[in-house]
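Reader: I am new to protein models and would like to learn how to read helix packing. Could we look at one together?

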Amino acid sequence: MSHKSQSESTIILITGGQRSGKSLYAEQLALSLSPNPIYLATARIWDDEFAQRVARHQQRRGPEWMNIEEEKTLSRHHPNGGVMLIDCLTLWATNFFFDLNSDINLSYKALCREFDALTKQDGTFIFVTNEIGLGGVAENVVQRQFADLLGRLNQYVAARAERVVLMISGIPVTIKDETKEQD
């Protein structure tokens with residue numbers, strides 16, 4: 001069952017483990033849907049290695065992309081009926097989680113409100129996220145709490161998405177596709 005809003009929006013969720021090819025697949029998908037997609041980066045740069053990782057991602061994208069950095073308030077950016085790639089839900093959720101003192105419920109409510117505000121706009125939204133719960137239970141309580149938060153958020157987004165793709169070793173596996181029912 002789809003939870004579509006009244007707007008003309010399409011939601012696509014790309015999920016998988018670290019280094020599974022999620023971002024590259026999402027970028028290729030966005031470019032197949034639009035000659036000039038919007039790339040909404042949610043990362044906070046917390047160390048030099050991560051800054052280098054972000055720089056590699058930026059270099060991979062060409063001039064056809066409109067690049068925007070936004071840590072939390074995604075809905076202030078407008079796709080105007082176009083394609084917007086949000087990379088990624090994991091880092092976006094991290095920003096709320098730490099700003100709200102690791103409060104899962106407050107973070108979840110804020111994330112859902114902001115997700116709903118963004119996706120009420122007209123456009124195609126491609127979200128990238130991590131399946132961090134596949135790796136077992138973390139020893140650290142904060143990591144377990146964050147895994148709970150991200151798991152809830154991923155389920156919220158997946159329930160509202162018309163299409164969900166799981167990336168495994170660079171191979172996209174479609175696990176939900178309600179767009180075929182509309183053809």
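Author: Let's begin with a pair of helices in contact: Ile104, Asn105, Ser107, Tyr108, Leu111, Cys112, Phe115 and Asp116 in α4 meet a set of residues in α5. On the α5 side, that set is Gln145, Asp148, Leu149, Arg152, Leu153, Tyr156, Val157 and Arg160. Please keep in mind that this is a predicted model.

Reader: How should I understand the spacing of names in such a list?

Author: An α-helix has 3.6 residues a turn, so residues three or four places apart point the same way. With that in mind, look again at Tyr108, Leu111, Cys112 and Phe115, which are among the α4 residues that meet α5.

Reader: At what angle do the axes of α4 and α5 cross, and how should I describe it?

Author: Two packed helices are described by the angle between their axes and the distance between the axes. Here, the axes of α4 (residues 104-119) and α5 (residues 141-160) come within 10 Å and cross at roughly 25 degrees. Angles under 35 degrees count as roughly parallel, so α4 and α5 are roughly parallel to each other. The crossing in which α4 passes α5 is right-handed.

Reader: Which residues of α5 does α3 meet?

Author: Val142, Gln145, Phe146, Leu149, Leu150, Leu153, Asn154 and Val157 in α5 meet α3. From the α3 side come Leu89, Thr90, Trp92, Ala93, Thr94 and Phe97. The axes of α3 and α5 are 10 Å apart, and the helices pack at an angle of about 125 degrees. That makes α3 oblique to α5. The crossing of α3 and α5 is right-handed.

Reader: Is α3 mostly covered or mostly open?

Author: Helix α3, residues 89-99, is mostly covered, with 9 of its 11 residues buried. Among them are Leu91, Trp92, Phe96 and Phe97. Just after α3, Asn101 has a positive phi of about 55 degrees.

Reader: Why does Cys88 count as buried?

Author: Buried means under 20% relative accessible area. Cys88 counts as buried because its relative accessibility is 6%. Cys112 is buried too, at 7%.

Reader: How many disulfides does the structure hold?

Author: A disulfide is a covalent bond between the sulfur atoms of two cysteines. This structure holds 0 disulfides.

Reader: And how do I read the chain as a whole?

Author: Start with its elements: the protein chain has 6 helices and 7 strands, in the order β-α-β-α-β-β-α-α-β-α-β-β-α along the sequence. Then consider burial: 46% of its 183 residues count as buried.

Note on methods:
Residues are numbered from 1 along each chain as its sequence is written. This is a predicted model: local features need pLDDT of at least 70, side-chain atom pairs count only at pLDDT 80 or more; totals for chains, interfaces and linings use all residues. Side-chain values use heavy atoms; hydrogens and water are left out. Helices (H or I, at least four residues) and strands (E, at least two) are DSSP runs, numbered from the N terminus. Buried means under 20% relative accessible area, exposed over 50%, partly exposed in between (1.4 Å probe, protein chains only). A disulfide is a pair of cysteine sulfur atoms within 2.5 Å. Axes are lines fitted to C-alpha atoms, for helices over the stretch in contact, and angles run from 0 to 180 degrees between N-to-C directions. Angles under 35 degrees count as roughly parallel, over 145 as roughly antiparallel, 65 to 115 as roughly perpendicular and the rest as oblique. A crossing is left-handed if the near helix is turned anticlockwise from the far one by less than a right angle, and right-handed if clockwise. Contact means heavy atoms within 4.5 Å.
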